Amino acid sequence: MRRPAAPRRLSLPCAVLVAAGLIAGSRAPACAAAKIPAPGEPVFEFALPDLRGNQVSLSSLRGRLVLVHFWATWCPVCMDEMSILEEAAQAHPGDLAVLGINLGEKPAKVAAYARRAGITFPILLDARGKVAARYGVLSLPITLVVGPDGRMAEQLVMGALDRDSLGAILKRRLPG
């Protein structure tokens with residue numbers, strides 16, 4: 001007879017995200033705020049610190065297509081996507097901005113990873129998961145595609161983003 005599997009423990013960032021989602025879903029106003037904007041709807045404004053402590057706001061990138069990528073170093077799929085996002089950012093510097101939003105990890109750990117991986121796009125720190133909760137992010141990775149006008153440009157991309165799917169998005173959304 002098989003023994004039942006031990007319950008799986010969530011890592012702290014994952015537990016924070018799940019808890020944030022449950023809390024947000026338990027009150028009507030927060031639940032409404034956690035609604036993911038549909039294509040064509042305005043996205044929620046936010047400002048978060050980057051790895052140097054500078055505040056970066058989403059609205060500061062108006063006029064460019066923006067990929068907002070929620071990730072963590074403990075997420076293997078997220079790590080795979082970082083090089084794909086870096087390539088896209090390098091290939092379209094004037095038309096595309098990539099924001100990597102790390103969820104709940106220590107800045108030193110995130111900075112060390114970004115350095116090792118050669119990531120040059122801004123990495124923002126959502127230490128308490130407030131921005132993620134506002135967008136209803138309960139799993140990783142998730143990518144938002146925000147148009148130059150500050151509206152959601154595509155359906156939310158949940159899960160792995162590969163070169164082909166990102167290429168198709170960029171072909172639809174970038175000039176020329």
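Tutor: Before we start, one definition: a disulfide here is a pair of cysteine sulfur atoms within 2.5 Å. Also, this is a predicted model, so local features need pLDDT of at least 70 and side-chain atom pairs count only at pLDDT 80 or more, while totals for chains, interfaces and linings use all residues. Residues are numbered from 1 along each chain as its sequence is written, and side-chain values use heavy atoms, with hydrogens and water left out.

Student: Good to know. How many disulfides does that rule give?

Tutor: The count is one disulfide. Cys 75 is joined to Cys 78, with 2.3 Å from S to S.

Student: And which hand does the link of Cys 75 and Cys 78 have?

Tutor: The link is right-handed, with 80° about the S-S bond.

Student: Are those two cysteines, Cys 75 and Cys 78, buried or exposed?

Tutor: Buried means under 20% relative accessible area, exposed over 50%, and partly exposed in between, using a 1.4 Å probe and protein chains only. Cys 75 counts as buried because its relative accessibility is 6%, and Cys 78 is buried because its relative accessible area is 0%.

Student: Let's zoom out. How many helices and strands does the protein chain have?

Tutor: There are six helices and seven strands. Both are DSSP runs numbered from the N terminus: helices are H or I with at least four residues, strands are E with at least two. Along the sequence the pattern reads α-α-β-β-β-α-β-α-β-α-β-β-α.

Student: What's the strand order in the open sheet?

Tutor: Five strands make up that open sheet, in the order β5-β4-β3-β6-β7, and the pairing is mixed. β5 (123-126) and β7 are the edge strands; each has a single partner strand, so one side of each is left without a neighbour in the sheet. Two strands count as paired if DSSP finds at least two bridges between them.

Student: Which pairs run parallel, starting with β4 and β5?

Tutor: β4 (residues 96-103) and β5 run parallel, joined by four bridges, and Gly 100 is opposite Ile 123 there. β3 and β4 are also parallel, with seven bridges, and Leu 67 sits opposite Val 98 of β4.

Student: Why is β6 described as largely enclosed?

Tutor: Five of the five residues of β6 (residues 142-146) are buried, so the strand is largely enclosed by the rest of the structure.

Student: How many residues of β4 are buried?

Tutor: Eight of its eight residues are buried. Leu 96, Val 98, Gly 100 and Asn 102 point one way, while Ala 97, Leu 99, Ile 101 and Leu 103 point the other way.

Student: Which strands does helix α3 lie across?

Tutor: Helix α3 (residues 76-91) lies across β3, β4 and β5, at about 160° to β3. Helix α6 (residues 163-173) packs on the sheet as well, touching β3, β4, β6 and β7, and its direction makes about 155° with that of β3. Those angles run from 0 to 180 degrees between N-to-C directions, with axes fitted to C-alpha atoms, for helices over the stretch in contact. Contact means heavy atoms within 4.5 Å.

Student: Switching to the core: which residues of the largest nonpolar core touch the most other members?

Tutor: Those are Phe 46, Val 68, Phe 70, Ile 101 and Tyr 135, in a core of 53 residues. Such a core is a set of buried Ala, Val, Leu, Ile, Met, Phe, Trp, Tyr and Cys residues joined through side-chain atoms within 4.5 Å.

Student: One last residue. Where does Ala 114 lie?

Tutor: Ala 114 lies in helix α4, and is buried with a relative accessible area of 7%. Beyond its neighbours within four places in sequence, Ala 114 is in contact with Leu 51, Ile 119 and Ile 123.
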